[in-house]
Amino acid sequence: MIEPMTTTRRIAIIGAGLGGLATARALILQGFEVQVFEQAPELADFGAGINIGPNAVKVFNALGLQERLHAVSHEPSGIAWRDWSDGRLLKRVPLEDSGGRFGASYYVVHRGDLHNLLAESLPPAVVQVNKRCVGVELRPQSVGLSFADGTEVETDVVIGADGIRSAVRKILFGGEGPRYVGTMCWRTLVPTSALPPNIHDGHVTHWTGTTREGFVISYYVRQQSFVNIVAVRRQPNWTEESWSTPSTREEMVAAFADAGSVVGEVLRNATKVYKWGQFTGEHAEQWTKGRATLLGDAAHAMLATFGQGAAMAFEDSYIIARWLAGHRDDPERALAGYEAVRKPRATRIQAYSRTEVAFKKLTTPLDRLRREWVYLRKYGTTTAAIYKNIFRYDPVHQWQ
Ligand SMILES: Cc1cc2nc3c(=O)[nH]c(=O)nc-3n(C[C@H](O)[C@H](O)[C@H](O)COP(=O)(O)OP(=O)(O)OC[C@H]3O[C@@H](n4cnc5c(N)ncnc54)[C@H](O)[C@@H]3O)c2cc1C
(Lines give C-alpha, C1' and ligand atoms only; values in the text may rest on other atoms or scores of the structure.)
Protein backbone atom coordinates (compact mmCIF):
# COMPACT_ATOMS: atom_id res chain seq x y z
CA MET A 1 0.00 0.00 0.00
CA ILE A 2 1.36 3.47 -0.87
CA GLU A 3 1.32 5.68 2.22
CA PRO A 4 -0.10 9.20 1.72
CA MET A 5 2.42 12.03 1.79
CA THR A 6 2.44 14.13 4.95
CA THR A 7 3.30 17.80 5.12
CA THR A 8 6.85 18.55 6.31
CA ARG A 9 6.65 20.18 9.72
CA ARG A 10 9.62 19.05 11.85
CA ILE A 11 13.18 19.60 10.66
CA ALA A 12 16.24 18.47 12.62
CA ILE A 13 19.66 20.01 12.04
CA ILE A 14 22.76 18.20 13.27
CA GLY A 15 25.44 20.75 14.26
CA ALA A 16 25.11 24.28 15.66
CA GLY A 17 28.02 25.76 13.67
CA LEU A 18 27.59 28.81 11.42
CA GLY A 19 25.75 26.81 8.74
CA GLY A 20 23.42 25.00 11.16
CA LEU A 21 22.39 28.17 13.00
CA ALA A 22 21.78 30.17 9.81
CA THR A 23 19.71 27.30 8.41
CA ALA A 24 17.65 27.14 11.61
CA ARG A 25 16.89 30.86 11.28
CA ALA A 26 15.94 30.52 7.59
CA LEU A 27 13.66 27.52 8.26
CA ILE A 28 11.94 29.14 11.27
CA LEU A 29 11.16 32.18 9.10
CA GLN A 30 9.47 29.75 6.68
CA GLY A 31 7.28 28.41 9.52
CA PHE A 32 8.98 25.04 10.22
CA GLU A 33 9.49 23.50 13.67
CA VAL A 34 13.25 23.31 13.98
CA GLN A 35 15.52 21.51 16.43
CA VAL A 36 19.31 21.86 16.30
CA PHE A 37 21.41 19.14 17.97
CA GLU A 38 24.98 20.08 18.90
CA GLN A 39 27.56 17.67 20.30
CA ALA A 40 29.48 20.31 22.31
CA PRO A 41 28.48 20.99 25.93
CA GLU A 42 27.91 24.68 25.16
CA LEU A 43 27.82 27.09 22.22
CA ALA A 44 31.38 28.34 22.53
CA ASP A 45 32.58 31.81 21.54
CA PHE A 46 35.72 30.53 19.80
CA GLY A 47 37.87 31.32 16.78
CA ALA A 48 39.17 34.47 15.21
CA GLY A 49 38.22 36.44 12.09
CA ILE A 50 36.07 35.47 9.16
CA ASN A 51 35.28 37.14 5.82
CA ILE A 52 31.65 37.46 4.81
CA GLY A 53 31.57 38.18 1.09
CA PRO A 54 28.67 40.12 -0.52
CA ASN A 55 27.16 36.83 -1.75
CA ALA A 56 26.71 35.71 1.88
CA VAL A 57 25.77 39.18 3.18
CA LYS A 58 22.70 39.00 0.90
CA VAL A 59 21.55 36.02 2.98
CA PHE A 60 21.94 37.95 6.25
CA ASN A 61 19.91 40.79 4.73
CA ALA A 62 17.14 38.34 3.73
CA LEU A 63 17.15 36.80 7.22
CA GLY A 64 16.57 40.23 8.78
CA LEU A 65 20.03 40.32 10.37
CA GLN A 66 21.67 43.09 8.33
CA GLU A 67 21.78 45.69 11.09
CA ARG A 68 23.14 43.27 13.68
CA LEU A 69 25.78 42.04 11.22
CA HIS A 70 26.80 45.59 10.34
CA ALA A 71 27.11 46.49 14.04
CA VAL A 72 29.69 43.76 14.78
CA SER A 73 31.65 43.96 11.50
CA HIS A 74 34.44 45.91 9.85
CA GLU A 75 33.94 46.90 6.19
CA PRO A 76 37.36 46.58 4.47
CA SER A 77 38.23 49.09 1.76
CA GLY A 78 39.58 46.34 -0.47
CA ILE A 79 41.45 43.06 -0.74
CA ALA A 80 45.17 43.76 -1.23
CA TRP A 81 48.10 41.51 -2.15
CA ARG A 82 51.43 42.88 -0.90
CA ASP A 83 55.04 41.78 -1.10
CA TRP A 84 55.88 40.99 2.51
CA SER A 85 59.51 42.06 2.22
CA ASP A 86 58.86 45.73 1.32
CA GLY A 87 55.05 46.14 1.58
CA ARG A 88 54.73 46.88 -2.18
CA LEU A 89 51.13 46.67 -3.48
CA LEU A 90 50.92 43.89 -6.10
CA LYS A 91 47.20 43.64 -6.77
CA ARG A 92 43.99 45.07 -5.35
CA VAL A 93 40.28 44.27 -5.49
CA PRO A 94 38.49 47.51 -4.42
CA LEU A 95 35.55 47.06 -2.05
CA GLU A 96 34.61 50.70 -1.29
CA ASP A 97 31.61 50.38 -3.60
CA SER A 98 30.91 46.74 -2.85
CA GLY A 99 27.15 47.48 -2.71
CA GLY A 100 27.18 48.96 -6.23
CA ARG A 101 29.55 46.41 -7.78
CA PHE A 102 28.44 43.22 -6.04
CA GLY A 103 24.99 44.00 -4.63
CA ALA A 104 25.91 44.05 -0.91
CA SER A 105 28.66 45.02 1.51
CA TYR A 106 31.76 42.92 2.23
CA TYR A 107 32.43 42.36 5.93
CA VAL A 108 35.08 40.90 8.18
CA VAL A 109 33.94 39.89 11.62
CA HIS A 110 35.06 37.96 14.69
CA ARG A 111 33.74 34.45 14.39
CA GLY A 112 32.49 34.44 18.00
CA ASP A 113 30.46 37.62 17.36
CA LEU A 114 28.93 36.06 14.24
CA HIS A 115 28.09 32.83 16.05
CA ASN A 116 26.46 34.76 18.94
CA LEU A 117 24.49 36.91 16.53
CA LEU A 118 23.04 33.82 14.83
CA ALA A 119 22.38 31.96 18.11
CA GLU A 120 20.60 35.00 19.58
CA SER A 121 18.36 35.22 16.51
CA LEU A 122 16.75 31.86 17.43
CA PRO A 123 14.05 31.14 20.03
CA PRO A 124 15.64 29.79 23.26
CA ALA A 125 14.78 26.07 23.09
CA VAL A 126 15.78 25.50 19.45
CA VAL A 127 19.40 24.44 20.11
CA GLN A 128 20.11 21.42 22.33
CA VAL A 129 23.71 20.86 23.41
CA ASN A 130 25.43 17.63 24.53
CA LYS A 131 23.67 15.83 21.67
CA ARG A 132 26.16 13.91 19.55
CA CYS A 133 24.34 12.27 16.68
CA VAL A 134 25.41 8.63 16.21
CA GLY A 135 22.59 7.18 14.08
CA VAL A 136 20.35 8.20 11.17
CA GLU A 137 17.63 5.76 10.07
CA LEU A 138 15.72 6.64 6.90
CA ARG A 139 12.06 5.58 7.12
CA PRO A 140 9.37 5.90 4.42
CA GLN A 141 7.72 9.00 5.98
CA SER A 142 10.27 10.16 8.56
CA VAL A 143 13.84 9.93 9.82
CA GLY A 144 14.93 8.40 13.14
CA LEU A 145 17.92 9.99 14.89
CA SER A 146 19.88 8.50 17.76
CA PHE A 147 22.34 10.26 20.05
CA ALA A 148 25.35 9.23 22.12
CA ASP A 149 23.41 9.85 25.35
CA GLY A 150 20.96 7.06 24.39
CA THR A 151 18.06 9.36 23.38
CA GLU A 152 16.16 9.12 20.10
CA VAL A 153 14.18 11.64 18.06
CA GLU A 154 11.85 11.26 15.07
CA THR A 155 11.76 14.05 12.50
CA ASP A 156 10.37 14.69 9.00
CA VAL A 157 13.71 15.81 7.52
CA VAL A 158 17.30 15.85 8.78
CA ILE A 159 20.05 18.21 7.64
CA GLY A 160 23.64 17.21 8.45
CA ALA A 161 25.42 20.53 9.16
CA ASP A 162 28.03 18.78 11.27
CA GLY A 163 31.18 20.07 9.63
CA ILE A 164 34.17 18.67 7.78
CA ARG A 165 34.21 15.41 9.82
CA SER A 166 30.46 14.95 9.41
CA ALA A 167 28.97 11.93 11.19
CA VAL A 168 25.77 12.22 9.13
CA ARG A 169 27.76 12.03 5.92
CA LYS A 170 29.68 8.98 7.15
CA ILE A 171 26.47 7.21 8.21
CA LEU A 172 24.66 7.94 4.93
CA PHE A 173 27.48 7.61 2.41
CA GLY A 174 30.59 6.15 4.10
CA GLY A 175 33.87 7.48 2.66
CA GLU A 176 37.31 8.25 3.95
CA GLY A 177 36.74 11.70 5.47
CA PRO A 178 38.84 14.84 4.98
CA ARG A 179 42.38 14.92 3.60
CA TYR A 180 45.34 17.04 4.82
CA VAL A 181 46.48 19.33 1.99
CA GLY A 182 50.07 19.98 3.07
CA THR A 183 49.71 23.48 4.55
CA MET A 184 49.35 24.39 8.21
CA CYS A 185 48.30 27.72 9.68
CA TRP A 186 48.70 29.79 12.80
CA ARG A 187 45.83 32.01 13.78
CA THR A 188 45.91 34.77 16.33
CA LEU A 189 44.53 38.18 17.23
CA VAL A 190 46.95 41.08 17.71
CA PRO A 191 45.74 44.05 19.81
CA THR A 192 45.93 47.16 17.60
CA SER A 193 46.93 49.21 20.67
CA ALA A 194 50.18 47.20 20.86
CA LEU A 195 51.20 48.15 17.30
CA PRO A 196 52.84 51.32 15.97
CA PRO A 197 50.22 53.69 14.47
CA ASN A 198 49.27 53.17 10.79
CA ILE A 199 51.07 49.84 10.51
CA HIS A 200 47.93 48.29 9.08
CA ASP A 201 45.27 49.81 6.83
CA GLY A 202 41.61 48.91 6.33
CA HIS A 203 42.24 46.20 3.71
CA VAL A 204 42.09 42.43 3.93
CA THR A 205 45.79 42.01 3.10
CA HIS A 206 47.46 38.90 1.69
CA TRP A 207 51.22 39.21 2.41
CA THR A 208 53.14 37.04 0.00
CA GLY A 209 56.77 35.97 0.22
CA THR A 210 59.50 35.35 -2.29
CA THR A 211 59.00 31.57 -2.22
CA ARG A 212 55.90 29.40 -2.33
CA GLU A 213 56.45 28.27 1.25
CA GLY A 214 54.07 30.61 3.02
CA PHE A 215 51.82 33.67 3.18
CA VAL A 216 50.00 35.72 5.82
CA ILE A 217 46.47 37.17 5.75
CA SER A 218 45.62 40.09 8.06
CA TYR A 219 42.61 42.31 8.65
CA TYR A 220 40.88 44.28 11.41
CA VAL A 221 38.09 42.84 13.56
CA ARG A 222 36.14 44.12 16.58
CA GLN A 223 35.93 47.82 15.66
CA GLN A 224 39.59 47.76 14.57
CA SER A 225 40.72 46.88 18.10
CA PHE A 226 42.42 43.68 16.85
CA VAL A 227 44.27 42.60 13.73
CA ASN A 228 43.24 39.05 12.83
CA ILE A 229 46.11 36.91 11.51
CA VAL A 230 46.12 33.68 9.51
CA ALA A 231 49.73 32.69 8.80
CA VAL A 232 50.22 29.75 6.44
CA ARG A 233 53.25 27.50 5.86
CA ARG A 234 53.82 24.33 3.89
CA GLN A 235 54.35 21.30 6.11
CA PRO A 236 54.32 17.74 4.77
CA ASN A 237 52.56 16.02 7.69
CA TRP A 238 49.91 16.91 10.20
CA THR A 239 48.38 14.73 12.90
CA GLU A 240 46.29 17.05 15.11
CA GLU A 241 42.54 17.05 14.45
CA SER A 242 41.62 20.21 16.33
CA TRP A 243 41.27 23.78 15.00
CA SER A 244 42.67 25.07 18.26
CA THR A 245 45.92 23.30 19.06
CA PRO A 246 47.82 25.79 21.27
CA SER A 247 51.06 27.13 19.81
CA THR A 248 53.38 29.97 20.84
CA ARG A 249 54.21 33.40 19.49
CA GLU A 250 57.87 32.34 19.33
CA GLU A 251 57.09 29.31 17.15
CA MET A 252 55.02 31.44 14.76
CA VAL A 253 57.55 34.29 14.60
CA ALA A 254 60.38 31.81 13.91
CA ALA A 255 58.39 30.26 11.05
CA PHE A 256 58.11 33.70 9.38
CA ALA A 257 61.65 34.93 10.04
CA ASP A 258 61.95 35.68 6.29
CA ALA A 259 58.94 38.02 6.29
CA GLY A 260 59.67 41.74 6.29
CA SER A 261 59.47 44.28 9.09
CA VAL A 262 55.70 44.95 8.98
CA VAL A 263 54.65 41.30 9.17
CA GLY A 264 57.38 40.62 11.74
CA GLU A 265 56.24 43.52 13.95
CA VAL A 266 52.60 42.40 13.82
CA LEU A 267 53.42 38.75 14.62
CA ARG A 268 55.70 39.68 17.51
CA ASN A 269 52.73 41.36 19.24
CA ALA A 270 50.43 38.36 19.06
CA THR A 271 48.85 37.15 22.28
CA LYS A 272 47.25 33.67 22.23
CA VAL A 273 48.38 31.67 19.21
CA TYR A 274 46.72 28.53 17.83
CA LYS A 275 47.64 26.33 14.92
CA TRP A 276 45.80 23.89 12.72
CA GLY A 277 46.28 21.85 9.58
CA GLN A 278 44.30 22.68 6.44
CA PHE A 279 42.02 19.83 5.43
CA THR A 280 39.71 19.54 2.48
CA GLY A 281 36.61 17.40 2.10
CA GLU A 282 36.38 14.67 -0.50
CA HIS A 283 34.45 15.48 -3.63
CA ALA A 284 30.91 14.31 -2.72
CA GLU A 285 29.06 12.43 -5.45
CA GLN A 286 25.82 12.73 -3.52
CA TRP A 287 24.58 14.92 -0.66
CA THR A 288 21.00 13.69 -0.34
CA LYS A 289 19.40 10.35 0.47
CA GLY A 290 15.62 10.27 0.97
CA ARG A 291 14.73 12.79 3.67
CA ALA A 292 18.33 13.44 4.73
CA THR A 293 20.85 15.83 3.22
CA LEU A 294 24.15 17.59 3.95
CA LEU A 295 24.95 21.31 4.19
CA GLY A 296 28.04 23.48 4.64
CA ASP A 297 31.41 21.82 5.26
CA ALA A 298 29.72 18.42 5.64
CA ALA A 299 28.86 18.64 1.94
CA HIS A 300 31.65 20.74 0.44
CA ALA A 301 34.48 21.64 2.84
CA MET A 302 36.98 23.99 1.21
CA LEU A 303 40.25 25.57 2.20
CA ALA A 304 39.85 28.27 4.84
CA THR A 305 42.30 30.67 3.18
CA PHE A 306 39.91 31.21 0.23
CA GLY A 307 37.44 32.85 2.64
CA GLN A 308 34.30 31.23 1.20
CA GLY A 309 33.58 28.12 3.34
CA ALA A 310 31.09 29.74 5.68
CA ALA A 311 29.77 31.88 2.83
CA MET A 312 28.80 28.71 0.95
CA ALA A 313 27.07 27.38 4.09
CA PHE A 314 25.09 30.65 4.32
CA GLU A 315 24.07 30.39 0.65
CA ASP A 316 23.00 26.77 1.31
CA SER A 317 20.94 27.82 4.34
CA TYR A 318 18.70 30.22 2.47
CA ILE A 319 18.29 28.01 -0.57
CA ILE A 320 17.42 24.81 1.32
CA ALA A 321 14.78 26.68 3.33
CA ARG A 322 13.20 28.02 0.14
CA TRP A 323 13.12 24.58 -1.48
CA LEU A 324 11.58 22.94 1.60
CA ALA A 325 9.00 25.73 1.85
CA GLY A 326 8.23 25.41 -1.84
CA HIS A 327 7.58 21.63 -1.63
CA ARG A 328 6.14 21.03 1.83
CA ASP A 329 4.33 17.88 0.66
CA ASP A 330 7.35 16.41 -1.05
CA PRO A 331 10.55 16.86 1.02
CA GLU A 332 12.53 14.41 -1.12
CA ARG A 333 11.87 16.57 -4.18
CA ALA A 334 12.80 19.69 -2.17
CA LEU A 335 16.13 18.20 -1.05
CA ALA A 336 16.92 16.95 -4.56
CA GLY A 337 16.20 20.47 -5.90
CA TYR A 338 18.46 22.02 -3.24
CA GLU A 339 21.31 19.67 -4.12
CA ALA A 340 20.91 20.24 -7.87
CA VAL A 341 21.18 24.02 -7.41
CA ARG A 342 23.94 24.05 -4.83
CA LYS A 343 26.29 21.31 -5.92
CA PRO A 344 27.69 22.86 -9.13
CA ARG A 345 28.50 26.19 -7.47
CA ALA A 346 29.86 24.81 -4.19
CA THR A 347 31.97 22.18 -5.96
CA ARG A 348 33.44 24.80 -8.32
CA ILE A 349 34.36 27.11 -5.45
CA GLN A 350 35.80 24.15 -3.52
CA ALA A 351 38.07 23.54 -6.53
CA TYR A 352 39.08 27.25 -6.74
CA SER A 353 40.06 27.16 -3.05
CA ARG A 354 42.47 24.29 -3.71
CA THR A 355 44.01 26.03 -6.73
CA GLU A 356 44.26 29.40 -4.98
CA VAL A 357 46.33 28.16 -2.06
CA ALA A 358 49.13 27.20 -4.46
CA PHE A 359 49.23 30.66 -6.07
CA LYS A 360 49.39 33.15 -3.23
CA LYS A 361 52.93 34.11 -4.23
CA LEU A 362 52.53 37.08 -6.58
CA THR A 363 55.75 38.99 -6.01
CA THR A 364 57.06 38.90 -9.59
CA PRO A 365 55.22 39.66 -12.87
CA LEU A 366 55.93 36.03 -13.84
CA ASP A 367 54.06 34.80 -10.73
CA ARG A 368 51.05 36.86 -11.72
CA LEU A 369 51.13 35.69 -15.32
CA ARG A 370 51.53 32.07 -14.23
CA ARG A 371 48.55 32.34 -11.94
CA GLU A 372 46.31 33.77 -14.68
CA TRP A 373 47.52 31.11 -17.11
CA VAL A 374 46.65 28.31 -14.67
CA TYR A 375 43.17 29.72 -14.02
CA LEU A 376 42.53 30.20 -17.74
CA ARG A 377 43.66 26.66 -18.53
CA LYS A 378 41.79 25.00 -15.64
CA TYR A 379 38.61 27.07 -15.48
CA GLY A 380 38.57 29.10 -18.71
CA THR A 381 38.48 32.39 -16.80
CA THR A 382 40.66 34.98 -15.05
CA THR A 383 40.93 35.38 -11.28
CA ALA A 384 39.22 38.81 -11.44
CA ALA A 385 36.24 37.24 -13.19
CA ILE A 386 36.15 34.46 -10.60
CA TYR A 387 35.90 36.92 -7.69
CA LYS A 388 33.25 38.91 -9.56
CA ASN A 389 31.24 35.76 -10.18
CA ILE A 390 31.48 34.64 -6.54
CA PHE A 391 30.59 38.01 -5.03
CA ARG A 392 27.82 38.98 -7.48
CA TYR A 393 25.88 35.76 -6.99
CA ASP A 394 22.53 36.38 -5.32
CA PRO A 395 21.30 33.32 -3.38
CA VAL A 396 18.10 35.15 -2.46
CA HIS A 397 16.92 35.66 -6.03
CA GLN A 398 18.81 32.93 -7.89
CA TRP A 399 17.72 30.04 -5.68
CA GLN A 400 15.72 27.93 -8.13
C1 LIG B 1 40.80 29.52 10.70
C2 LIG B 1 39.66 29.48 9.72
C3 LIG B 1 39.36 30.62 9.01
C4 LIG B 1 38.27 30.61 8.13
N5 LIG B 1 37.97 31.76 7.44
C6 LIG B 1 36.86 31.80 6.65
C7 LIG B 1 36.47 33.02 6.01
O8 LIG B 1 37.14 34.05 6.11
N9 LIG B 1 35.30 33.02 5.28
C10 LIG B 1 34.54 31.90 5.14
O11 LIG B 1 33.48 31.96 4.47
N12 LIG B 1 34.91 30.71 5.71
C13 LIG B 1 36.04 30.64 6.46
N14 LIG B 1 36.40 29.48 7.07
C15 LIG B 1 35.61 28.27 6.82
C16 LIG B 1 34.39 28.25 7.70
O17 LIG B 1 34.76 28.45 9.05
C18 LIG B 1 33.66 26.92 7.56
O19 LIG B 1 33.43 26.67 6.19
C20 LIG B 1 32.32 27.00 8.28
O21 LIG B 1 32.55 27.15 9.68
C22 LIG B 1 31.50 25.74 8.01
O23 LIG B 1 30.32 25.82 8.78
P24 LIG B 1 29.53 24.50 9.11
O25 LIG B 1 28.35 24.95 9.90
O26 LIG B 1 29.31 23.71 7.87
O27 LIG B 1 30.51 23.62 10.01
P28 LIG B 1 31.18 23.93 11.46
O29 LIG B 1 31.27 25.41 11.66
O30 LIG B 1 32.38 23.10 11.50
O31 LIG B 1 30.09 23.40 12.47
C32 LIG B 1 29.81 22.02 12.63
C33 LIG B 1 29.16 21.82 13.99
O34 LIG B 1 28.67 20.48 14.07
C35 LIG B 1 28.99 19.96 15.35
N36 LIG B 1 29.04 18.49 15.23
C37 LIG B 1 29.97 17.74 14.60
N38 LIG B 1 29.66 16.43 14.66
C39 LIG B 1 28.47 16.35 15.34
C40 LIG B 1 27.62 15.25 15.72
N41 LIG B 1 27.93 13.99 15.43
N42 LIG B 1 26.48 15.54 16.40
C43 LIG B 1 26.15 16.84 16.72
N44 LIG B 1 26.93 17.90 16.40
C45 LIG B 1 28.07 17.66 15.70
C46 LIG B 1 30.33 20.60 15.67
O47 LIG B 1 30.60 20.56 17.06
C48 LIG B 1 30.12 22.02 15.15
O49 LIG B 1 29.52 22.87 16.11
C50 LIG B 1 37.49 29.44 7.94
C51 LIG B 1 37.83 28.27 8.64
C52 LIG B 1 38.91 28.29 9.52
C53 LIG B 1 39.30 27.02 10.24
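**View 1. H10 in the shell around the ligand.** H10 gives the most to the shell around the ligand, with 4 residues. The model shown here and in the other views is predicted. In total, 33 residues surround the ligand. Gly15, Gly17, Gly19, Gly296 and Gly309 are the closest. Besides H10, the elements that give two or more residues to this shell are H1, strand E3 (49-52) and helix H9 (297-300). Sorted by class, the shell around the ligand holds 16 nonpolar, 11 polar and 6 charged residues.

**View 2. H1 against H10.** Two packed helices are described by the angle between their axes and the distance between the axes. Here the helices are H1 (residues 18-29) and H10 (residues 309-326). Their axes come within 8 Å and cross at roughly 30°. Angles under 35 degrees count as roughly parallel, and H1 and H10 are therefore roughly parallel to each other. The crossing of H1 past H10 is right-handed. From H1, the contact takes in Leu18, Gly19, Ala22, Thr23, Ala26 and Leu27. From H10 come Ala310, Ala313, Phe314, Asp316, Ser317, Tyr318, Ile320, Ala321 and Leu324. The contact of H1 with H10 counts 11 nonpolar, 3 polar and 1 charged residues. Gly19, part of this contact, is also among the residues closest to the ligand.

**View 3. H1 against H5.** The partner of H1 in this view is helix H5 (residues 111-120). The axes of H1 and H5 come within 9 Å and cross at roughly 30°. H1 and H5 are therefore roughly parallel to each other. Their crossing is left-handed, whereas H1 passes H10 in a right-handed crossing. On the H1 side, the contact is made by Leu18, Leu21, Ala22 and Arg25. Leu114, His115, Leu118 and Ala119 meet them from H5. By class, the contact of H1 with H5 divides into 6 nonpolar, 1 polar and 1 charged residues. Leu18 and Ala22 of H1 take part here, and they also belong to the contact with H10.

**View 4. The chain around these close-ups.** The chain has 13 helices and 19 strands. Its radius of gyration is 21 Å, close to the 21 Å that the globule rule gives for 400 residues, so the chain is as compact as a globular protein of that length. Along the principal axes, the C-alpha atoms fill a box of roughly 75 × 40 × 40 Å.

Definitions and conventions. Residues are numbered from 1 along each chain as its sequence is written. This is a predicted model: local features need pLDDT of at least 70, side-chain atom pairs count only at pLDDT 80 or more; totals for chains, interfaces and linings use all residues. Axes are lines fitted to C-alpha atoms, for helices over the stretch in contact, and angles run from 0 to 180 degrees between N-to-C directions. Angles under 35 degrees count as roughly parallel, over 145 as roughly antiparallel, 65 to 115 as roughly perpendicular and the rest as oblique. A crossing is left-handed if the near helix is turned anticlockwise from the far one by less than a right angle, and right-handed if clockwise. Two residues are in contact if their C-beta atoms, placed from the backbone, lie within 7 Å. Ala, Val, Leu, Ile, Met, Phe, Trp, Tyr, Cys and Pro count as nonpolar, Asp, Glu, Lys and Arg as charged, and the others, Gly among them, as polar. A residue is near a molecule or strand if its C-beta atom, placed from the backbone, lies within 6 Å of it. The radius of gyration is taken over C-alpha atoms; the globule rule is 2.2 Å times the number of residues to the power 0.38.
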